[in-house]
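Look at the model below before reading on. The paragraphs after it go through a few places in the chain one at a time.

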Amino acid sequence: MSSAPAQHDAPTDTTPDGSDEAHAFTELGLRAELLGALAALGYEEPTPIQREAIPPLLEGRDLLGQAATGTGKTAAFALPLLNRMPAHRQGGDPVALVLVPTRELAVQVSEAFHRYGKDLGARVLPIYGGQPIGRQLRALDSGVDVVVATPGRALDHIARGTLRLGGLATVVLDEADEMLDMGFAEDIEAILEHAPAQRQTVLFSATMPGRIDGMARQHLREPVRIEIGREQQVAGEAPRVRQSAYIVTRAHKPAALGRVLDVESPTAAIVFCRSREEVDRLTETMNGRGYRSEALHGGMSQEQRDRVMGRLRAGTADLLVATDVAARGLDVEQLTHVVNYDVPSAPESYVHRIGRVGRAGREGVAITLAEPREHRMLKTIERVTGQRITIDKIPTVADMRTRRLELTQGALRESLLEDDLDPFRVIVETLTDEFDLMEVALAAVKLAHEVTSPGSDDEEEIPQVPVRGPREGRPEAGGRGGDRRGGGRPRGGGNTAQVFIGLGRRAGVRPQDLVGAITGETGISGRDIGSIEIADRFSLVEVPQGVADEVIAGLRGSTIKGRKATVRRDRGGDR
Ligand code: AMP
(Lines give C-alpha, C1' and ligand atoms only; values in the text may rest on other atoms or scores of the structure.)
Protein backbone atom coordinates (compact mmCIF):
# COMPACT_ATOMS: atom_id res chain seq x y z
CA MET A 1 0.00 0.00 0.00
CA SER A 2 1.51 3.33 -0.92
CA SER A 3 0.84 6.46 1.02
CA ALA A 4 -1.39 9.02 -0.59
CA PRO A 5 -2.58 12.41 0.47
CA ALA A 6 -5.85 12.61 2.34
CA GLN A 7 -8.42 15.22 1.62
CA HIS A 8 -9.64 15.23 5.18
CA ASP A 9 -9.95 12.61 7.79
CA ALA A 10 -11.10 14.36 10.92
CA PRO A 11 -14.49 13.22 12.06
CA THR A 12 -16.96 16.05 11.90
CA ASP A 13 -20.16 16.60 13.76
CA THR A 14 -22.27 17.23 10.73
CA THR A 15 -24.70 14.58 9.64
CA PRO A 16 -24.61 13.00 6.20
CA ASP A 17 -27.84 14.70 5.25
CA GLY A 18 -26.91 17.96 6.96
CA SER A 19 -30.01 17.87 9.19
CA ASP A 20 -29.97 19.20 12.72
CA GLU A 21 -31.87 16.33 14.34
CA ALA A 22 -30.73 15.13 17.73
CA HIS A 23 -27.61 13.11 17.06
CA ALA A 24 -26.58 12.40 20.61
CA PHE A 25 -28.34 10.43 23.29
CA THR A 26 -27.83 13.39 25.63
CA GLU A 27 -30.15 15.48 23.45
CA LEU A 28 -33.02 13.03 23.75
CA GLY A 29 -33.91 13.81 27.35
CA LEU A 30 -32.89 10.51 28.92
CA ARG A 31 -31.91 10.18 32.59
CA ALA A 32 -28.28 10.15 33.62
CA GLU A 33 -28.41 6.48 34.66
CA LEU A 34 -29.46 5.47 31.16
CA LEU A 35 -26.89 7.72 29.49
CA GLY A 36 -24.26 6.09 31.70
CA ALA A 37 -25.35 2.61 30.64
CA LEU A 38 -25.29 3.57 26.96
CA ALA A 39 -21.82 5.07 27.28
CA ALA A 40 -20.58 1.94 29.00
CA LEU A 41 -21.99 -0.15 26.15
CA GLY A 42 -20.13 2.02 23.67
CA TYR A 43 -23.22 3.26 21.82
CA GLU A 44 -22.04 6.48 20.21
CA GLU A 45 -25.29 7.86 18.87
CA PRO A 46 -28.95 6.93 18.57
CA THR A 47 -30.04 5.02 15.49
CA PRO A 48 -32.66 6.73 13.28
CA ILE A 49 -35.52 4.82 14.85
CA GLN A 50 -34.29 5.74 18.32
CA ARG A 51 -34.02 9.40 17.34
CA GLU A 52 -37.59 9.38 16.14
CA ALA A 53 -39.23 7.13 18.69
CA ILE A 54 -37.65 8.10 22.00
CA PRO A 55 -38.96 11.70 22.37
CA PRO A 56 -42.67 10.89 21.77
CA LEU A 57 -42.44 7.74 23.90
CA LEU A 58 -40.96 9.79 26.74
CA GLU A 59 -44.00 12.05 26.48
CA GLY A 60 -46.22 9.03 26.91
CA ARG A 61 -47.53 8.92 23.34
CA ASP A 62 -48.65 5.67 21.70
CA LEU A 63 -46.48 4.58 18.81
CA LEU A 64 -46.77 2.43 15.70
CA GLY A 65 -43.35 1.60 14.32
CA GLN A 66 -42.38 -0.29 11.23
CA ALA A 67 -38.88 -1.54 11.86
CA ALA A 68 -37.06 -4.83 11.50
CA THR A 69 -34.37 -6.43 13.62
CA GLY A 70 -31.12 -4.54 13.34
CA THR A 71 -32.61 -1.06 13.46
CA GLY A 72 -32.13 -0.70 17.21
CA LYS A 73 -35.88 -0.95 17.87
CA THR A 74 -35.45 -2.71 21.19
CA ALA A 75 -33.59 0.22 22.74
CA ALA A 76 -36.07 2.56 21.02
CA PHE A 77 -38.85 1.27 23.28
CA ALA A 78 -36.81 0.03 26.25
CA LEU A 79 -35.05 3.32 27.01
CA PRO A 80 -38.14 5.55 27.30
CA LEU A 81 -39.95 2.86 29.21
CA LEU A 82 -37.13 2.59 31.74
CA ASN A 83 -36.88 6.36 31.84
CA ARG A 84 -40.54 6.71 32.78
CA MET A 85 -40.72 4.11 35.49
CA PRO A 86 -39.92 4.69 39.15
CA ALA A 87 -36.35 3.64 39.90
CA HIS A 88 -35.35 1.17 42.62
CA ARG A 89 -38.89 0.03 43.41
CA GLN A 90 -39.48 -2.65 45.98
CA GLY A 91 -42.11 -5.35 45.48
CA GLY A 92 -45.10 -4.51 43.34
CA ASP A 93 -46.76 -5.57 40.14
CA PRO A 94 -45.13 -4.89 36.76
CA VAL A 95 -45.37 -1.42 35.24
CA ALA A 96 -44.50 -2.59 31.77
CA LEU A 97 -45.33 -5.66 29.71
CA VAL A 98 -43.55 -6.51 26.47
CA LEU A 99 -45.12 -9.24 24.36
CA VAL A 100 -42.83 -11.04 21.94
CA PRO A 101 -43.40 -14.01 19.62
CA THR A 102 -40.64 -16.37 20.78
CA ARG A 103 -38.66 -17.51 23.75
CA GLU A 104 -35.48 -16.48 21.96
CA LEU A 105 -36.70 -12.91 21.63
CA ALA A 106 -38.05 -12.87 25.20
CA VAL A 107 -34.55 -13.63 26.45
CA GLN A 108 -32.89 -11.10 24.12
CA VAL A 109 -35.27 -8.29 25.00
CA SER A 110 -34.95 -9.01 28.75
CA GLU A 111 -31.18 -8.90 28.46
CA ALA A 112 -31.40 -5.56 26.69
CA PHE A 113 -33.60 -4.18 29.51
CA HIS A 114 -31.11 -5.48 32.07
CA ARG A 115 -28.19 -3.86 30.33
CA TYR A 116 -29.87 -0.47 29.98
CA GLY A 117 -31.71 -0.44 33.31
CA LYS A 118 -28.99 -1.74 35.63
CA ASP A 119 -28.34 1.60 37.35
CA LEU A 120 -32.05 2.18 37.81
CA GLY A 121 -32.36 -1.14 39.62
CA ALA A 122 -34.85 -2.33 36.98
CA ARG A 123 -36.15 -5.81 37.68
CA VAL A 124 -36.90 -7.61 34.43
CA LEU A 125 -38.43 -11.05 34.06
CA PRO A 126 -38.69 -13.07 30.86
CA ILE A 127 -41.53 -15.55 30.90
CA TYR A 128 -42.07 -18.13 28.20
CA GLY A 129 -43.29 -21.65 27.74
CA GLY A 130 -40.92 -24.51 28.36
CA GLN A 131 -39.27 -22.84 31.34
CA PRO A 132 -40.18 -24.25 34.77
CA ILE A 133 -43.12 -22.20 35.97
CA GLY A 134 -41.98 -22.29 39.63
CA ARG A 135 -39.08 -19.93 39.04
CA GLN A 136 -41.36 -17.50 37.23
CA LEU A 137 -43.90 -17.66 40.07
CA ARG A 138 -41.29 -16.86 42.69
CA ALA A 139 -39.92 -13.94 40.68
CA LEU A 140 -43.39 -12.52 40.01
CA ASP A 141 -44.21 -12.90 43.66
CA SER A 142 -41.21 -10.94 44.86
CA GLY A 143 -42.02 -8.05 42.52
CA VAL A 144 -40.88 -7.08 39.03
CA ASP A 145 -40.90 -3.92 36.94
CA VAL A 146 -40.88 -5.26 33.41
CA VAL A 147 -42.24 -8.57 32.18
CA VAL A 148 -41.17 -9.75 28.74
CA ALA A 149 -43.42 -12.62 27.75
CA THR A 150 -44.67 -14.81 24.97
CA PRO A 151 -48.47 -14.40 24.77
CA GLY A 152 -49.39 -17.99 25.66
CA ARG A 153 -47.38 -18.10 28.86
CA ALA A 154 -48.47 -14.57 29.83
CA LEU A 155 -52.07 -15.65 29.55
CA ASP A 156 -51.41 -18.74 31.69
CA HIS A 157 -50.04 -16.52 34.44
CA ILE A 158 -52.93 -14.07 34.13
CA ALA A 159 -55.39 -16.96 34.49
CA ARG A 160 -53.57 -18.20 37.60
CA GLY A 161 -53.64 -14.71 39.04
CA THR A 162 -49.85 -14.65 39.24
CA LEU A 163 -49.40 -11.94 36.59
CA ARG A 164 -51.43 -8.88 37.50
CA LEU A 165 -51.68 -6.20 34.87
CA GLY A 166 -53.53 -3.54 36.89
CA GLY A 167 -50.40 -1.47 37.41
CA LEU A 168 -49.23 -1.41 33.79
CA ALA A 169 -48.24 1.97 32.42
CA THR A 170 -46.99 0.61 29.10
CA VAL A 171 -47.63 -2.39 26.88
CA VAL A 172 -45.29 -3.13 23.98
CA LEU A 173 -46.20 -5.52 21.17
CA ASP A 174 -42.86 -6.40 19.60
CA GLU A 175 -42.69 -8.14 16.21
CA ALA A 176 -46.46 -7.98 16.07
CA ASP A 177 -46.67 -9.43 12.55
CA GLU A 178 -44.73 -12.45 13.74
CA MET A 179 -47.10 -12.91 16.71
CA LEU A 180 -50.12 -12.81 14.40
CA ASP A 181 -48.48 -15.30 12.05
CA MET A 182 -48.03 -17.62 14.97
CA GLY A 183 -51.70 -17.50 15.82
CA PHE A 184 -51.40 -15.33 18.92
CA ALA A 185 -54.04 -12.76 17.89
CA GLU A 186 -56.68 -13.94 20.36
CA ASP A 187 -54.18 -14.32 23.18
CA ILE A 188 -53.03 -10.74 22.63
CA GLU A 189 -56.60 -9.48 22.64
CA ALA A 190 -57.29 -11.31 25.87
CA ILE A 191 -54.14 -9.94 27.50
CA LEU A 192 -54.92 -6.35 26.47
CA GLU A 193 -58.36 -6.69 28.02
CA HIS A 194 -56.65 -7.14 31.38
CA ALA A 195 -54.46 -4.06 30.96
CA PRO A 196 -55.66 -0.67 32.21
CA ALA A 197 -57.37 1.43 29.55
CA GLN A 198 -55.20 4.41 30.51
CA ARG A 199 -51.91 3.02 29.32
CA GLN A 200 -49.30 3.68 26.71
CA THR A 201 -49.34 1.14 23.88
CA VAL A 202 -46.41 0.63 21.53
CA LEU A 203 -46.51 -1.64 18.51
CA PHE A 204 -43.49 -2.61 16.45
CA SER A 205 -43.76 -4.72 13.35
CA ALA A 206 -41.44 -5.42 10.43
CA THR A 207 -44.33 -5.48 8.00
CA MET A 208 -47.67 -3.68 8.10
CA PRO A 209 -50.30 -6.03 6.71
CA GLY A 210 -53.96 -5.08 7.12
CA ARG A 211 -54.33 -7.08 10.30
CA ILE A 212 -51.63 -5.08 12.04
CA ASP A 213 -53.27 -1.88 10.96
CA GLY A 214 -56.54 -3.15 12.37
CA MET A 215 -54.90 -4.06 15.63
CA ALA A 216 -53.29 -0.62 15.84
CA ARG A 217 -56.60 1.12 15.15
CA GLN A 218 -58.25 -0.85 17.89
CA HIS A 219 -55.62 -0.60 20.61
CA LEU A 220 -53.50 2.48 19.94
CA ARG A 221 -54.60 6.05 20.59
CA GLU A 222 -53.47 8.63 18.07
CA PRO A 223 -50.18 6.87 17.64
CA VAL A 224 -47.05 8.49 16.29
CA ARG A 225 -46.14 6.55 13.14
CA ILE A 226 -42.56 5.73 12.32
CA GLU A 227 -41.29 3.85 9.35
CA ILE A 228 -37.66 3.00 8.75
CA GLY A 229 -36.80 2.87 5.10
CA ARG A 230 -39.74 4.78 3.70
CA GLU A 231 -39.55 8.42 4.76
CA GLN A 232 -35.84 8.90 4.47
CA GLN A 233 -34.92 9.66 0.94
CA VAL A 234 -31.47 8.49 0.18
CA ALA A 235 -29.81 11.34 -1.62
CA GLY A 236 -26.91 11.35 -3.99
CA GLU A 237 -25.88 9.24 -6.91
CA ALA A 238 -25.09 5.61 -6.38
CA PRO A 239 -21.36 4.98 -6.15
CA ARG A 240 -19.77 2.31 -8.33
CA VAL A 241 -19.70 -0.33 -5.71
CA ARG A 242 -20.11 -4.09 -5.97
CA GLN A 243 -22.46 -4.98 -3.15
CA SER A 244 -22.84 -8.36 -1.58
CA ALA A 245 -23.83 -9.93 1.70
CA TYR A 246 -23.16 -13.10 3.60
CA ILE A 247 -25.65 -14.61 5.99
CA VAL A 248 -23.79 -15.87 9.01
CA THR A 249 -24.48 -16.53 12.66
CA ARG A 250 -22.98 -14.23 15.27
CA ALA A 251 -20.60 -16.88 16.55
CA HIS A 252 -19.03 -17.35 13.12
CA LYS A 253 -18.68 -13.68 12.23
CA PRO A 254 -14.97 -13.22 13.03
CA ALA A 255 -14.08 -16.33 11.03
CA ALA A 256 -16.35 -15.25 8.19
CA LEU A 257 -14.77 -11.81 8.15
CA GLY A 258 -11.31 -13.37 7.94
CA ARG A 259 -12.38 -15.68 5.16
CA VAL A 260 -13.99 -12.90 3.14
CA LEU A 261 -10.93 -10.68 3.56
CA ASP A 262 -8.66 -13.51 2.43
CA VAL A 263 -10.68 -14.09 -0.70
CA GLU A 264 -11.14 -10.41 -1.51
CA SER A 265 -7.59 -9.40 -0.56
CA PRO A 266 -8.39 -5.69 -0.24
CA THR A 267 -5.65 -3.07 -0.43
CA ALA A 268 -7.23 -1.51 2.62
CA ALA A 269 -10.62 -2.11 4.18
CA ILE A 270 -12.83 -0.41 6.69
CA VAL A 271 -15.00 -2.59 8.89
CA PHE A 272 -17.99 -0.86 10.47
CA CYS A 273 -19.26 -1.91 13.90
CA ARG A 274 -22.18 -0.63 15.93
CA SER A 275 -20.45 0.27 19.17
CA ARG A 276 -17.07 1.21 20.61
CA GLU A 277 -17.05 -1.96 22.58
CA GLU A 278 -17.44 -4.04 19.44
CA VAL A 279 -14.76 -2.03 17.65
CA ASP A 280 -12.26 -2.77 20.41
CA ARG A 281 -13.22 -6.43 20.62
CA LEU A 282 -13.09 -7.03 16.87
CA THR A 283 -9.80 -5.18 16.45
CA GLU A 284 -8.25 -7.45 19.02
CA THR A 285 -9.76 -10.59 17.48
CA MET A 286 -8.60 -9.69 13.98
CA ASN A 287 -5.10 -8.84 15.18
CA GLY A 288 -5.08 -12.21 16.89
CA ARG A 289 -5.97 -13.79 13.56
CA GLY A 290 -3.06 -12.11 11.86
CA TYR A 291 -4.72 -9.10 10.21
CA ARG A 292 -3.08 -5.78 10.88
CA SER A 293 -6.05 -3.91 12.31
CA GLU A 294 -6.54 -0.54 13.93
CA ALA A 295 -9.51 0.68 15.95
CA LEU A 296 -11.13 4.03 15.33
CA HIS A 297 -13.96 5.29 17.51
CA GLY A 298 -15.38 8.37 19.13
CA GLY A 299 -13.73 7.64 22.45
CA MET A 300 -10.26 8.27 21.03
CA SER A 301 -8.37 11.56 21.12
CA GLN A 302 -7.59 13.40 17.90
CA GLU A 303 -3.96 12.48 18.33
CA GLN A 304 -4.76 8.77 18.60
CA ARG A 305 -6.92 9.00 15.50
CA ASP A 306 -4.24 10.74 13.53
CA ARG A 307 -1.80 8.02 14.44
CA VAL A 308 -4.22 5.34 13.27
CA MET A 309 -4.86 7.11 9.99
CA GLY A 310 -1.13 7.51 9.50
CA ARG A 311 -0.59 3.78 9.89
CA LEU A 312 -3.37 3.03 7.43
CA ARG A 313 -1.92 5.38 4.82
CA ALA A 314 1.62 4.15 5.36
CA GLY A 315 0.44 0.62 4.78
CA THR A 316 1.40 -0.66 8.21
CA ALA A 317 -2.27 -1.42 8.84
CA ASP A 318 -4.71 -3.01 6.38
CA LEU A 319 -7.89 -2.98 8.35
CA LEU A 320 -9.64 -0.08 10.00
CA VAL A 321 -12.34 -1.12 12.45
CA ALA A 322 -14.59 1.85 13.11
CA THR A 323 -17.92 3.19 14.34
CA ASP A 324 -20.05 5.38 12.09
CA VAL A 325 -19.31 8.46 14.14
CA ALA A 326 -15.55 8.04 13.98
CA ALA A 327 -15.55 7.34 10.26
CA ARG A 328 -17.66 10.35 9.34
CA GLY A 329 -15.87 12.62 6.90
CA LEU A 330 -13.08 10.11 6.46
CA ASP A 331 -11.52 9.89 3.04
CA VAL A 332 -8.75 7.42 2.47
CA GLU A 333 -7.77 6.86 -1.10
CA GLN A 334 -6.44 3.36 -0.51
CA LEU A 335 -9.77 2.02 0.73
CA THR A 336 -11.09 -0.61 -1.64
CA HIS A 337 -13.52 -2.42 0.63
CA VAL A 338 -16.20 -1.50 3.11
CA VAL A 339 -17.40 -4.25 5.39
CA ASN A 340 -20.53 -3.92 7.49
CA TYR A 341 -19.85 -6.23 10.40
CA ASP A 342 -23.55 -5.82 11.23
CA VAL A 343 -26.36 -4.66 9.03
CA PRO A 344 -26.53 -0.86 9.46
CA SER A 345 -29.46 0.46 11.44
CA ALA A 346 -30.99 2.37 8.51
CA PRO A 347 -30.61 2.59 4.73
CA GLU A 348 -29.00 6.03 4.85
CA SER A 349 -26.33 4.76 7.17
CA TYR A 350 -25.63 1.97 4.66
CA VAL A 351 -25.34 4.43 1.80
CA HIS A 352 -23.10 6.68 3.84
CA ARG A 353 -20.82 3.79 4.75
CA ILE A 354 -20.42 2.39 1.26
CA GLY A 355 -19.70 5.92 0.05
CA ARG A 356 -16.25 5.51 1.66
CA VAL A 357 -15.24 3.55 -1.45
CA GLY A 358 -16.09 3.84 -5.12
CA ARG A 359 -15.19 7.53 -5.08
CA ALA A 360 -13.94 9.54 -7.99
CA GLY A 361 -14.72 6.81 -10.46
CA ARG A 362 -12.72 4.17 -8.55
CA GLU A 363 -14.30 0.78 -8.11
CA GLY A 364 -15.20 -0.37 -4.66
CA VAL A 365 -16.63 -3.36 -2.88
CA ALA A 366 -19.18 -3.34 -0.07
CA ILE A 367 -19.73 -6.47 1.95
CA THR A 368 -22.31 -6.97 4.66
CA LEU A 369 -22.28 -9.73 7.25
CA ALA A 370 -25.89 -10.23 8.24
CA GLU A 371 -27.32 -12.51 10.88
CA PRO A 372 -30.23 -14.63 9.65
CA ARG A 373 -32.69 -12.39 11.48
CA GLU A 374 -31.29 -9.29 9.78
CA HIS A 375 -32.04 -10.53 6.30
CA ARG A 376 -35.16 -8.43 6.10
CA MET A 377 -33.20 -5.25 6.81
CA LEU A 378 -31.07 -6.05 3.76
CA LYS A 379 -34.24 -6.19 1.69
CA THR A 380 -35.31 -2.80 3.04
CA ILE A 381 -31.93 -1.34 2.12
CA GLU A 382 -32.21 -2.79 -1.38
CA ARG A 383 -35.66 -1.32 -1.77
CA VAL A 384 -34.67 2.14 -0.59
CA THR A 385 -31.39 2.36 -2.50
CA GLY A 386 -32.79 0.70 -5.60
CA GLN A 387 -29.59 -1.34 -5.77
CA ARG A 388 -29.13 -5.06 -5.56
CA ILE A 389 -27.19 -6.71 -2.80
CA THR A 390 -26.22 -10.21 -3.88
CA ILE A 391 -26.28 -12.86 -1.20
CA ASP A 392 -23.10 -14.88 -1.58
CA LYS A 393 -21.99 -18.15 -0.06
CA ILE A 394 -19.21 -17.87 2.49
CA PRO A 395 -16.07 -19.19 0.83
CA THR A 396 -15.36 -22.76 1.92
CA VAL A 397 -11.99 -24.04 3.09
CA ALA A 398 -11.55 -25.51 -0.42
CA ASP A 399 -12.37 -22.10 -1.99
CA MET A 400 -9.74 -20.57 0.25
CA ARG A 401 -7.10 -23.05 -0.81
CA THR A 402 -7.88 -22.47 -4.46
CA ARG A 403 -7.70 -18.74 -3.94
CA ARG A 404 -4.35 -18.97 -2.18
CA LEU A 405 -2.94 -21.08 -5.00
CA GLU A 406 -4.16 -18.49 -7.48
CA LEU A 407 -2.36 -15.77 -5.56
CA THR A 408 0.86 -17.76 -5.58
CA GLN A 409 0.49 -18.44 -9.28
CA GLY A 410 -0.03 -14.74 -9.89
CA ALA A 411 3.05 -13.87 -7.86
CA LEU A 412 5.16 -16.39 -9.81
CA ARG A 413 3.87 -15.14 -13.14
CA GLU A 414 4.82 -11.61 -12.16
CA SER A 415 8.27 -12.75 -11.16
CA LEU A 416 8.70 -14.66 -14.43
CA LEU A 417 7.76 -11.59 -16.43
CA GLU A 418 9.63 -8.98 -14.49
CA ASP A 419 12.41 -10.28 -12.31
CA ASP A 420 16.00 -11.01 -13.15
CA LEU A 421 16.13 -14.69 -12.29
CA ASP A 422 19.66 -15.37 -13.50
CA PRO A 423 21.32 -15.38 -10.08
CA PHE A 424 19.19 -18.46 -9.24
CA ARG A 425 20.02 -20.43 -12.37
CA VAL A 426 22.90 -22.15 -10.62
CA ILE A 427 20.56 -23.61 -8.01
CA VAL A 428 18.24 -25.07 -10.61
CA GLU A 429 21.15 -26.47 -12.63
CA THR A 430 22.72 -28.09 -9.62
CA LEU A 431 19.46 -29.60 -8.44
CA THR A 432 18.51 -30.94 -11.86
CA ASP A 433 21.62 -33.16 -11.73
CA GLU A 434 19.86 -35.01 -9.00
CA PHE A 435 16.13 -34.28 -9.53
CA ASP A 436 13.66 -33.93 -12.30
CA LEU A 437 13.08 -30.31 -13.41
CA MET A 438 9.40 -30.57 -12.55
CA GLU A 439 10.22 -31.69 -9.00
CA VAL A 440 12.53 -28.73 -8.56
CA ALA A 441 9.86 -26.34 -9.78
CA LEU A 442 7.29 -27.88 -7.42
CA ALA A 443 9.54 -27.46 -4.40
CA ALA A 444 10.22 -23.84 -5.34
CA VAL A 445 6.48 -23.16 -5.77
CA LYS A 446 5.79 -24.71 -2.38
CA LEU A 447 8.28 -22.40 -0.70
CA ALA A 448 6.89 -19.39 -2.54
CA HIS A 449 3.36 -20.40 -1.60
CA GLU A 450 4.22 -20.55 2.06
CA VAL A 451 5.52 -17.02 1.85
CA THR A 452 2.85 -15.39 -0.33
CA SER A 453 -0.10 -17.15 1.32
CA PRO A 454 0.68 -18.17 4.83
CA GLY A 455 -2.11 -20.56 5.79
CA SER A 456 -4.27 -19.15 8.54
CA ASP A 457 -4.98 -21.43 11.48
CA ASP A 458 -8.64 -20.84 11.03
CA GLU A 459 -9.44 -23.64 8.70
CA GLU A 460 -12.78 -24.51 10.19
CA GLU A 461 -15.74 -24.71 7.83
CA ILE A 462 -18.22 -21.88 8.40
CA PRO A 463 -21.78 -23.23 8.23
CA GLN A 464 -23.99 -21.87 5.48
CA VAL A 465 -27.18 -20.52 6.98
CA PRO A 466 -30.22 -20.98 4.76
CA VAL A 467 -31.60 -17.65 3.58
CA ARG A 468 -35.22 -17.04 4.23
CA GLY A 469 -37.21 -15.43 1.50
CA PRO A 470 -38.60 -11.98 2.20
CA ARG A 471 -41.85 -12.08 4.09
CA GLU A 472 -43.27 -9.21 2.12
CA GLY A 473 -46.07 -10.46 -0.03
CA ARG A 474 -46.47 -13.63 1.96
CA PRO A 475 -50.10 -14.48 2.51
CA GLU A 476 -51.23 -13.95 6.03
CA ALA A 477 -51.59 -17.30 7.63
CA GLY A 478 -52.10 -19.12 10.82
CA GLY A 479 -55.00 -17.44 12.59
CA ARG A 480 -56.75 -19.40 15.27
CA GLY A 481 -59.01 -21.16 12.83
CA GLY A 482 -56.39 -22.01 10.24
CA ASP A 483 -54.80 -25.39 10.09
CA ARG A 484 -52.07 -24.34 7.76
CA ARG A 485 -49.65 -21.55 8.21
CA GLY A 486 -46.48 -20.10 6.83
CA GLY A 487 -47.52 -19.71 3.20
CA GLY A 488 -44.19 -18.39 1.92
CA ARG A 489 -41.89 -20.93 3.46
CA PRO A 490 -40.33 -23.77 1.56
CA ARG A 491 -42.42 -26.90 1.56
CA GLY A 492 -41.00 -30.36 1.97
CA GLY A 493 -37.79 -31.64 0.40
CA GLY A 494 -34.57 -29.68 0.14
CA ASN A 495 -33.44 -28.27 3.43
CA THR A 496 -36.53 -29.05 5.42
CA ALA A 497 -37.80 -32.08 7.27
CA GLN A 498 -41.33 -33.05 8.22
CA VAL A 499 -41.93 -33.94 11.84
CA PHE A 500 -44.83 -36.26 12.61
CA ILE A 501 -46.71 -35.67 15.87
CA GLY A 502 -49.28 -38.25 16.87
CA LEU A 503 -51.90 -35.74 18.03
CA GLY A 504 -54.27 -33.82 15.83
CA ARG A 505 -57.58 -32.02 15.67
CA ARG A 506 -59.36 -34.56 17.84
CA ALA A 507 -56.98 -33.78 20.66
CA GLY A 508 -57.76 -30.09 20.17
CA VAL A 509 -54.32 -29.31 18.74
CA ARG A 510 -54.03 -25.92 17.04
CA PRO A 511 -51.08 -24.54 15.04
CA GLN A 512 -50.11 -22.22 17.86
CA ASP A 513 -49.92 -25.16 20.29
CA LEU A 514 -47.34 -26.78 18.06
CA VAL A 515 -45.40 -23.58 17.46
CA GLY A 516 -45.50 -22.80 21.17
CA ALA A 517 -44.29 -26.29 22.09
CA ILE A 518 -41.47 -26.18 19.56
CA THR A 519 -40.22 -22.68 20.30
CA GLY A 520 -40.70 -23.31 24.01
CA GLU A 521 -38.67 -26.50 24.02
CA THR A 522 -35.94 -25.67 21.54
CA GLY A 523 -33.79 -22.74 20.62
CA ILE A 524 -35.44 -22.34 17.23
CA SER A 525 -37.61 -19.38 16.43
CA GLY A 526 -41.19 -19.45 15.18
CA ARG A 527 -40.15 -18.05 11.85
CA ASP A 528 -38.00 -21.09 11.18
CA ILE A 529 -41.04 -23.30 11.30
CA GLY A 530 -42.57 -24.02 7.93
CA SER A 531 -46.02 -25.28 7.11
CA ILE A 532 -48.13 -26.99 9.71
CA GLU A 533 -50.78 -29.46 8.75
CA ILE A 534 -53.25 -30.69 11.32
CA ALA A 535 -55.21 -33.82 10.50
CA ASP A 536 -57.76 -35.56 12.72
CA ARG A 537 -55.30 -37.81 14.49
CA PHE A 538 -51.88 -36.41 13.74
CA SER A 539 -50.04 -33.27 12.74
CA LEU A 540 -47.10 -32.59 10.43
CA VAL A 541 -44.72 -29.72 11.02
CA GLU A 542 -42.05 -28.63 8.60
CA VAL A 543 -38.75 -27.53 10.14
CA PRO A 544 -35.24 -26.90 8.81
CA GLN A 545 -33.39 -30.18 8.33
CA GLY A 546 -30.57 -29.08 10.64
CA VAL A 547 -32.81 -28.67 13.69
CA ALA A 548 -35.21 -31.57 13.12
CA ASP A 549 -33.53 -33.79 15.72
CA GLU A 550 -33.57 -31.02 18.29
CA VAL A 551 -37.27 -30.41 17.62
CA ILE A 552 -38.07 -34.12 17.91
CA ALA A 553 -36.13 -34.46 21.16
CA GLY A 554 -37.75 -31.33 22.57
CA LEU A 555 -41.27 -32.44 21.71
CA ARG A 556 -40.69 -35.95 23.05
CA GLY A 557 -39.69 -34.44 26.36
CA SER A 558 -42.79 -32.30 26.70
CA THR A 559 -46.53 -32.46 26.40
CA ILE A 560 -48.92 -30.93 23.90
CA LYS A 561 -52.33 -30.05 25.23
CA GLY A 562 -51.34 -31.89 28.37
CA ARG A 563 -50.65 -35.13 26.51
CA LYS A 564 -47.55 -37.04 25.54
CA ALA A 565 -47.40 -37.65 21.82
CA THR A 566 -45.52 -39.91 19.46
CA VAL A 567 -42.99 -37.73 17.68
CA ARG A 568 -40.78 -38.84 14.81
CA ARG A 569 -39.45 -37.86 11.43
CA ASP A 570 -42.18 -38.27 8.89
CA ARG A 571 -41.24 -40.70 6.20
CA GLY A 572 -44.58 -40.34 4.42
CA GLY A 573 -46.86 -43.30 3.90
CA ASP A 574 -46.42 -44.73 7.43
CA ARG A 575 -49.41 -43.07 8.91
P1 AMP B 1 -32.38 -4.48 17.53
O2 AMP B 1 -32.75 -3.92 16.18
O3 AMP B 1 -33.16 -3.87 18.63
O4 AMP B 1 -32.42 -5.98 17.53
O5 AMP B 1 -30.86 -4.04 17.82
C6 AMP B 1 -29.81 -4.46 17.04
C7 AMP B 1 -28.46 -4.35 17.73
O8 AMP B 1 -27.99 -3.01 17.75
C9 AMP B 1 -28.40 -4.82 19.17
O10 AMP B 1 -27.29 -5.67 19.28
C11 AMP B 1 -28.18 -3.56 19.99
O12 AMP B 1 -27.39 -3.84 21.11
C13 AMP B 1 -27.46 -2.66 19.02
N14 AMP B 1 -27.79 -1.23 19.18
C15 AMP B 1 -29.00 -0.70 19.40
N16 AMP B 1 -28.93 0.64 19.43
C17 AMP B 1 -27.63 0.98 19.22
C18 AMP B 1 -26.92 2.22 19.14
N19 AMP B 1 -27.54 3.39 19.26
N20 AMP B 1 -25.60 2.17 18.92
C21 AMP B 1 -24.98 0.98 18.79
N22 AMP B 1 -25.57 -0.22 18.85
C23 AMP B 1 -26.90 -0.23 19.07
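Predicted model: local features only at pLDDT ≥ 70, side-chain atom pairs only at ≥ 80, totals over all residues.

Two packed helices are described by the angle between their axes and the distance between the axes. Here the pair is helix α3, residues 73-84, and helix α4, residues 103-117. Their axes are 10 Å apart, and the helices pack at an angle of about 50 degrees. The crossing of α3 past α4 is right-handed.

Which residues make this contact? From α3 come Thr74, Ala75, Phe77, Ala78, Leu79, Leu81 and Leu82, and from α4 come Val109, Ala112, Phe113, Tyr116 and Gly117. Sorted by type, the residues of the contact of α3 with α4 are 10 nonpolar and two polar, with no charged ones. Gly counts as polar in this sorting.

Next come two loop residues. Glu175 sits in the loop that runs between strand β5 (170-173) and helix α7 (176-181). Phi of Glu175 is near 50 degrees, which is a positive value in a residue other than glycine. Is Glu175 buried or exposed? The relative accessible area of Glu175 is 5%, and buried means under 20%, so Glu175 is buried.

Ser265 also has a positive phi, near 30 degrees, and is likewise a residue other than glycine. Ser265 is in the loop between α10 (253-264) and β9 (268-272). The relative accessibility of Ser265 is 37%. Partly exposed covers the values between the limits for buried (under 20%) and exposed (over 50%), so Ser265 counts as partly exposed.

The next residue lies in a helix. Gly36 belongs to helix α1, residues 32-41. Because its relative accessibility is 33%, Gly36 counts as partly exposed. Gly36 and Asp119 are 83 residues apart along the chain, and their C-alpha atoms are separated by 8.3 Å.

Ser293 is part of strand β10, residues 293-296. With a relative accessibility of 5%, Ser293 counts as buried. What does Ser293 touch, not counting residues up to four places away in sequence? Ser293 touches Thr283, Met286, Asn287, Leu319 and Val321.

How values were computed
Residues numbered from 1 in each chain as written. Heavy atoms only, no water. Helix = DSSP H or I, 4+ residues; strand = E, 2+ residues; numbered from the N terminus. Buried < 20%, exposed > 50% of the residue type's maximum accessible area, 1.4 Å probe, protein only. Axes fitted to C-alpha atoms, helices over the stretch in contact; angles between N-to-C directions. Left-handed = near helix turned anticlockwise from the far one by under 90°. Contact = heavy atoms within 4.5 Å.
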